[in-house]
Amino acid sequence: MAQEMREGIYDLLAARGVSRRDFLKYCGSVAAMLGLSEMAAPQIAAAVEGGAKLQPAVWLDLGLCTGCTESTAQAGNPNVADIVLDLLSINYMETIMAAAGDQAEEAKAKTIEEGGYILIVEGTVMTGEGGNTLRIAGKTGMEVLKEAASKAAAIVAVGSCAVDGGWVRANPNPAGGKGVKDVAVELGFDKVPIINLPTCPVNPEWIVAVVIDVLMLGALENLAVLNLDELGRPKLIFGQTIHDNCPRRGHFENGEFVKQFGTVEEVKQFCLYEVGCKGPQTFTNCPKVRWNRKASWCVESGAPCIGCGNLNWVDNDAPFLKRMPNVGGVRPETIGTVLGGAAAAGLLVHGVASFSSGRAKGAPVETSKAYDKKKGGDK
Amino acid sequence: MSHEGHYREAHPLIFVFQHWVNLICMAGLAFSGFVIHGSFYAISMGGARMIHFTLMFVLAVNITSRIILSFWVKDANQLGTREVDTDIKNWLPQKENKHQLLETAKYYLFMRKERVISAKYGALQKIAYLATVPITFFMGYTGFALYGPAQQWPVWGFFAGGISLVGGIMTMRIIHYFGMWVVILFTMVHAYLAAIDGFKAFYGLIFLWRESPGAEEGH
Ligand code: SF4
Ligand code: SF4
């Protein structure tokens, strides 16, 4: 049976143009992401090969743009990651499932009833208008989430929207967008472990890493395996800044910056810090794992990191081509300079007044305190 | 007397030295900070950061030792006198400062003509000088909070707590940036007031440890 499975997987891989060698290499890169040595590659391969343990999963779509689905499905050029993701037996996923209507809802209800599934949530929890800013199959998005979350073995919030509301919750947030974790207590699933995978959209490699953790390392039995930080993000993926792993870091250290696009500095691929790169305060491993089947990533393709892996990233990071966000609609640099300028002007006026009043030459000291005088006493 | 004498007892040599250290550190920190913020000057970021770091440590040690020394070193307790008292007493509010905060503000706003009775330092001055201590340490804290995440220090939780309190590392960056402006504004006002009250005498004493005699009223 196992042998059959194994052969089955290699057939699948071969059909997708992936050799065993490529497969093992990929498993090695997953191992690196999980903080394991390359030696763990065969183990990971075995876990994937022995995919008999299909893990039931439900994929919920809340307030979203389907970017995360796009990113994960990466239609058109399937590869090893798909094979791993195939190990999730996704029983419900609005965007790509074949079933529709009642049939689909039944499949979901059945999975929920059986319990022990992984709940993947994509999109913002829309709490506005009593949750009515999002309705699915006659219910509010919040009700749907509550139902699906209650019996899940674990929740994986994929993409910034599900993590903390993402761009949907950016000011003024009329839809009341929130992250899954933010409503866990209110909707009564705070006991279910939540794994947060921010960025906009989510990087499929991270879902692969979590699936491998679940399949191979028994993360569901022992959550410590996931090594989450206080925000529920796997530390191995979100523990270092982009800046610390960026190939342009050398230029940063040398003070070699792109100050404007369309200049020779841009051609030389200098550091993008001065055109707003948020790499120094964004914690993801984008430079190592990269995007789009490891083809490239933001900085490598010439664009500054806009900090999509940060919390409340749009409010915190826009305008994207500036170092810091506006404060009350005004540039912090302008506020600082105006304050400094106003102080200098104020002191100048004060100085002129001090000289013209003769005070600068020395003013007499009062003979008793004004307070004491008022009290009628001496000092 | 309209201009009091400026005697060495007002600023003992060790404090003159420490004042220099403060000045150099703050100027260096502001400059290297501007370079790090958005290098208006193409020098090595690593170099700027190293200077920024070193100066912060020097400043922290300098200020801490300045506080400790203030419990031992004696200096003048009034303007224009050689009579001394423990420095910390001259730092903290004294009897002469009582009920004088508003009056001092009024004097500087030209709402009264006579200078107010104060101890060696006026009420506003004391508030400003005392505030420099928490502001400096606060700047150190926010700075480390910006730098620390990637270092994975064991004490990191101490900074991570602050970051989530203010709502993210970007907010921390802005706070650090405005903190620098607070220091710059303080320095501007501080330098101005010292200058307007007798540039040569004040600056001569605090920078060169040079005494100058007082001048009689109407002189
Ligand atoms: S491009 Fe961005 S992440 Fe890369 S070194 Fe420059 S500032 Fe850091
Ligand atoms: S490099 Fe920055 S903007 Fe690009 S995906 Fe990563 S976190 Fe998002």
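This is a predicted model: local features need pLDDT of at least 70, side-chain atom pairs count only at pLDDT 80 or more; totals for chains, interfaces and linings use all residues.
Q: Okay, and what is chain B built from?
A: Its secondary structure comes to 8 helices and 2 strands. Going along the sequence of chain B, the pattern reads α-α-β-β-α-α-α-α-α-α.

Q: What does the C-alpha trace of chain B span?
A: Along its principal axes, the trace of chain B spans about 60 × 35 × 35 Å.

Q: How many of its residues are buried, as a percentage?
A: Chain B has 219 residues, and 45% of them count as buried. As for contacts in chain B between residues at least 6 apart in sequence, 64% join residues at least 24 apart.

Q: Let me zoom in on a helix. Which residues of α4 in chain B are buried?
A: That helix covers residues 101-108 of chain B, and its buried residues are B:Glu103, B:Thr104 and B:Tyr107. They lie on the same side of α4(B), because the arc they cover around the axis is only 100°.

Q: And what do those buried residues pack against?
A: The buried residues of α4(B) pack against α16 (370-375) of chain A, together with α5 (123-147) of chain B.

Q: What follows α4(B)?
A: B:Phe110 follows this helix, and the phi of B:Phe110 is positive, near 60°.

Q: Switching to chain A, how many helices and strands are there?
A: Chain A has 16 helices and 9 strands. Of its 379 residues, 50% count as buried.

Q: I was looking at A:Asn316. Where is that residue found?
A: You'll find A:Asn316 in helix α14 of chain A, which runs over residues 313-317.

Q: Is A:Asn316 buried or exposed, and why?
A: A:Asn316 counts as buried because its relative accessibility is 13%, and the cut-off for buried is under 20%.

Q: What does the side chain of A:Asn316 reach?
A: It reaches the backbone oxygen of A:Leu311, at 3.0 Å.

Q: Which residues does A:Asn316 touch?
A: Leaving out residues up to four places away in sequence, A:Asn316 touches A:Leu311 and A:Pro325, as well as B:Gly167, B:Met170 and B:Thr171.

Q: New topic: pockets. What volume does the second largest pocket have?
A: The second largest pocket has a volume of about 700 Å³.

Q: How many residues line the second largest pocket, and which lie nearest its centre?
A: The lining has 26 residues, and those nearest the centre are A:Glu230, A:Leu231, A:Arg233, A:Phe283 and B:Ile163.

Q: Which helices supply that lining?
A: At least two residues each come from α10 (235-238) and α14 of chain A, and from α6 (156-166) and α7 (169-196) of chain B. The helix that gives the most to this lining is α6(B), with 4 residues.

Q: Last one: how many cavities of 30 Å³ or more does the structure hold?
A: There are 4 cavities of 30 Å³ or more. The largest cavity has 13 lining residues, and closest to its centre are A:His243, A:Cys246, A:Cys271, A:Leu272 and A:Cys277.

Q: And how much space lies in that largest cavity?
A: About 100 Å³ of space lies in the largest cavity.

How values were computed
Residues are numbered from 1 along each chain as its sequence is written. Chains are lettered from A and ligands numbered from 1 in the order in which they are written. Side-chain values use heavy atoms; hydrogens and water are left out. Buried means under 20% relative accessible area, exposed over 50%, partly exposed in between (1.4 Å probe, protein chains only). A polar contact is a pair of N or O atoms within 3.5 Å; within protein, one must be able to donate a hydrogen and the other to accept it, and residues adjacent in sequence count only if both atoms are side-chain atoms. Contact means heavy atoms within 4.5 Å. The arc is that of the directions from the helix axis to the C-beta atoms. On a 1 Å grid over the protein atoms alone, a cavity is a set of points where a 1.4 Å probe fits but cannot get out, and a pocket is an open set with protein on both sides within 12 Å along at least five of seven lines; lining residues have an atom within 4 Å of a point. Grid points are joined across faces, edges and corners, and a volume is the space filled by probe spheres set on the points.
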